[in-house]
Amino acid sequence: MEKIRCGWCEKDDLYRKYHDDEWGRPVYDDETIFEFLILESFQAGLSWYTILSKRENFRKAFDNFDYRKIAAYSDQKTEELMNNPGIIRNRLKILAAITNAQRFMDVQTEFGSFSRYIWGFVDGKPLDRAPESLADVPATTEISDAISKDLKKRGFKFMGSTVVYAHMQATGMVNDHIESCFTRR
């Protein structure tokens, strides 16, 4: 019997694997949360498929998303990234990744972990929205608005409410799998 999935992931095997194995599953470790922050910030204005198809290139280019290393990137490393055809070569987004790594560590210092900080917006447990269809899934919510506002106040870049909500979905802070999706439960 064919598995029923959320309609957005039917494009190909890359999307299906991401949907089936990662999207919407709660993530509490800072390393993975940071990876998704970087990927989502690069996705701003582009399709998630574009980012997903370049994910391994991003991993290699950005030192496996090691925020400690990224926070210390030099101008030379920025130029190296600007010349890497395997990633999105947008200077503002590359510089934002460096800034966001620095701010990420500031939040860790303040809260003990970034996970504790971001999950605090949803009391540490996933919000279960139970959408009937993709049409019921919003692009932003009051919570993503609040997180975005707070991140920006802390100096994060490319963290608008839509990007933040996509991050919440990716890291399982919100369960937006449609009711009939086999991964829902």
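Mentor: What follows takes a few such words in turn and sets each value against its definition.

Mentor: This is a predicted model, in which local features need pLDDT of at least 70 and side-chain atom pairs count only at pLDDT 80 or more, while totals for chains, interfaces and linings use all residues. Residues are numbered from 1 along each chain as its sequence is written, and side-chain values use heavy atoms, with hydrogens and water left out.

Trainee: Why does S144 count as buried?

Mentor: Buried means under 20% relative accessible area, exposed over 50%, and partly exposed in between, with a 1.4 Å probe and protein chains only; S144 has 0% relative accessibility, so S144 counts as buried.

Trainee: And why is D145 called partly exposed?

Mentor: The relative accessible area of D145 is 38%, which lies between those cut-offs, so D145 is partly exposed.

Trainee: What makes the pairing of D145 and S161 a polar contact?

Mentor: A polar contact is a pair of N or O atoms within 3.5 Å; within protein, one must be able to donate a hydrogen and the other to accept it, and residues adjacent in sequence count only if both atoms are side-chain atoms. The side chains of D145 and S161 are joined at 2.5 Å, so the pair meets the distance limit.

Trainee: Which residues does S144 touch, leaving aside those up to four places away in sequence?

Mentor: With contact meaning heavy atoms within 4.5 Å, S144 touches S161, V164, Y165 and M168.
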